[in-house]
Every structure is written in structure tokens, then in C-alpha cells.
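The following exercises concern the structure of one protein. Please study the sequence and the structure shown below, then work through each task before reading its solution.

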Amino acid sequence: MRVHLGCDHAGLDLKSHLIGRLTELGYEPVDHGPFVYDALDDYPVFCIRAAEAVAREREAGLDSLGVVIGGSGNGEQMAANKVAGIRCALVHSDETARLAREHNDAQVVAVGGRMHPLEEMTRFVELFLAEPFSGEERHARRIGQLSHYEETGQRPPLPDSAVGLGPAEDQD
């Protein structure tokens, strides 16, 4: 499996470490940069490219995932989520790493290089990459709603339990 990686200066050391670790585990890491330390670099430049590569390969039927890394992982997650068809999850524990794949079928994971020790972040990424999507109907249904909204801009209909309870604009 290919694993596309992108980061900013705050994630550069973790990205370098992950490339070596992923290679040891039999993955094919693809580095989208940065390649040198620049305290003024911009994470969207690299994280969007990594997410685009994942989207392109998955569209072609290939099994690939992505990892984006920054100081907190927040901006990197936002950048990856701007790529059509990508669901990127910010993880901060073993459980969030597993659930990002198992329940949300996230194709990209974001981690904060300044938020956890190296060993924890490495474990989060390894758990994310190893966890399959459960395929359970409720999870597939929810992902379908997100995809439909992304493609059409049409919100999912309110459930019967919420009709008449929300703002007037939602009562259509």
C-alpha cells in the first residue's frame, strides 16, 4: 500500500521518522514535502498534494492512504479535507486512530507533531493504516450523506424526530 505524506516544518522530523518506519513495515511511502526545514513554509502546499495523490489513486482503484503532519495537525487536516472525496481525521489517541478508519473510512490521517511523543504518534499512524473500514450500514449511510452533500450541496433531510424543532429554514 502506498502512503502519501505531507507536512510543514513542525512535522518534518516526524515525517522523516515515519518514512523509515513505514518502509520497515512494508508500506510504500511517498513524500510530498517539504524536503528541507523552512520555518516559514505553508502546510497547504504539501498537505493538499498528499491528499490529491490519495484521491487520485483511490479513484483509480488503488489502495492508498495518507498522513499529514503539523504542529497541532488542525490546519493540515483542514487542508486535506478541501480535496474532493477526501475524509481526513485528526487523531489524538489509539481509539481515534482506529475509529477514523473503522467508522469513518478516512483516507488521510492528521497528527500533531508537537502534541505527543514520537512513539505515540507513530503508533497512531500505524493503527490508522492497519484498521479496515467496518462497512457497517450505519457508517456507510453517514459517509454517503457526506459524499452526497459534497457533490450536490444538498443537506441530508432531517429525521422525523427533528422535524419542527429546528430553525425555520430546516423545516422544508
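**Exercise 1.** Leaving aside neighbours within four places in sequence, which residues are in contact with Thr-122? Describe the surroundings of this residue.

*Solution.* The model is a predicted one.

Step 1. Thr-122 is located in helix H5, which spans residues 118-130.

Step 2. Once neighbours within four places in sequence are left aside, Thr-122 is in contact with Leu-14, His-17, Leu-18 and Arg-21.

Step 3. With one of these residues there is also a polar contact: the side chains of Thr-122 and His-17 are joined at 3.0 Å.

Step 4. A residue is called buried when its relative accessible area is under 20%. Thr-122 has a relative accessibility of 8%, and it therefore counts as buried.

**Exercise 2.** Determine the order of the secondary structure elements and describe the overall dimensions of the protein.

*Solution.* 

Step 1. The protein has six helices and five strands. Read from the N terminus, the order of elements is β-α-β-α-β-α-β-α-β-α-α.

Step 2. Along the principal axes, the C-alpha atoms fill a box of roughly 55 × 35 × 30 Å.

Step 3. For 172 residues, a compact globule would have a radius of gyration near 16 Å; the protein has 17 Å, so the two values agree.

Step 4. Of the contacts with a separation of 6 or more, 67% are between residues 24 or more positions apart. Of the 172 residues, 38% are buried.

Step 5. The accessible surface comes to about 9400 Å², and carbon and sulfur atoms account for 52% of this area.

**Exercise 3.** How many positive and how many negative side chains does the protein have, and how far apart do the centres of the two sets lie?

*Solution.* There are 16 positive and 29 negative side chains, and the centres of the two sets lie 2 Å apart.

**Exercise 4.** Is Glu-57 buried or exposed? Identify its partners.

*Solution.* 

Step 1. Glu-57 belongs to helix H2, residues 43-59.

Step 2. The relative accessible area of Glu-57 is 10%, and the cut-off for a buried residue is under 20%; Glu-57 is therefore buried.

Step 3. Not counting residues up to four places away in sequence, Glu-57 touches Arg-2, His-4, Leu-62 and Ser-64.

Step 4. With Arg-2, there is a polar contact between the side chains, at 2.6 Å.

**Exercise 5.** Examine the loop between S2 and H2, with attention to Gly-33 and Pro-34.

*Solution.* 

Step 1. Strand S2 covers residues 28-31, and Pro-34 is found in the loop between this strand and H2. Gly-33 lies in the loop between S2 and H2 as well.

Step 2. The peptide bond that joins Gly-33 and Pro-34 is cis, with omega about 0 degrees.

Step 3. Gly-33 has 0% relative accessibility, and so it counts as buried.

Step 4. Neighbours within four places in sequence being left aside, Gly-33 is in contact with Leu-5, Gly-6, Cys-7, Lys-15 and Phe-46.

Step 5. From C-alpha to C-alpha, Gly-33 and Leu-18 are 13 Å apart in space, and they are 15 residues apart in sequence.

**Exercise 6.** Where does Gly-73 lie, and what covers the buried residues of H3?

*Solution.* 

Step 1. Gly-73 lies in the loop between strand S3 (64-70) and helix H3 (74-81).

Step 2. At 0% relative accessibility, Gly-73 counts as buried. Apart from residues up to four places away in sequence, Gly-73 touches Leu-90, Ala-110, Val-111 and Gly-112.

Step 3. The C-alpha atoms of Gly-73 and Leu-22 are separated by 19 Å, and these residues are 51 residues apart along the chain.

Step 4. In helix H3, the residues Gly-75, Glu-76, Gln-77, Ala-79 and Ala-80 are buried. The cover of the buried residues of H3 includes H2, S3, strand S4 (88-90) and S5.

**Exercise 7.** What is the phi value of Asp-105? State the location and the burial of this residue.

*Solution.* 

Step 1. Asp-105 has a phi near 45 degrees, which is a positive value in a residue other than glycine.

Step 2. Asp-105 is placed in the loop between helix H4 (94-102) and strand S5 (108-112).

Step 3. The relative accessibility of Asp-105 is 15%, so this residue counts as buried.

Methods: Residues numbered from 1 in each chain as written. Predicted model: local features only at pLDDT ≥ 70, side-chain atom pairs only at ≥ 80, totals over all residues. Heavy atoms only, no water. Helix = DSSP H or I, 4+ residues; strand = E, 2+ residues; numbered from the N terminus. Rg over C-alpha atoms; globule rule 2.2 N^0.38 Å. Buried < 20%, exposed > 50% of the residue type's maximum accessible area, 1.4 Å probe, protein only. Contact = heavy atoms within 4.5 Å. Areas by Shrake-Rupley, 256 points an atom, 1.4 Å probe, with all protein chains shown as cover. Lys, Arg positive; Asp, Glu negative; His and termini not counted. Charge placed at Lys NZ, Arg CZ, Asp CG, Glu CD. Polar contact = N/O pair within 3.5 Å; in protein donor to acceptor, adjacent residues only side chain to side chain.
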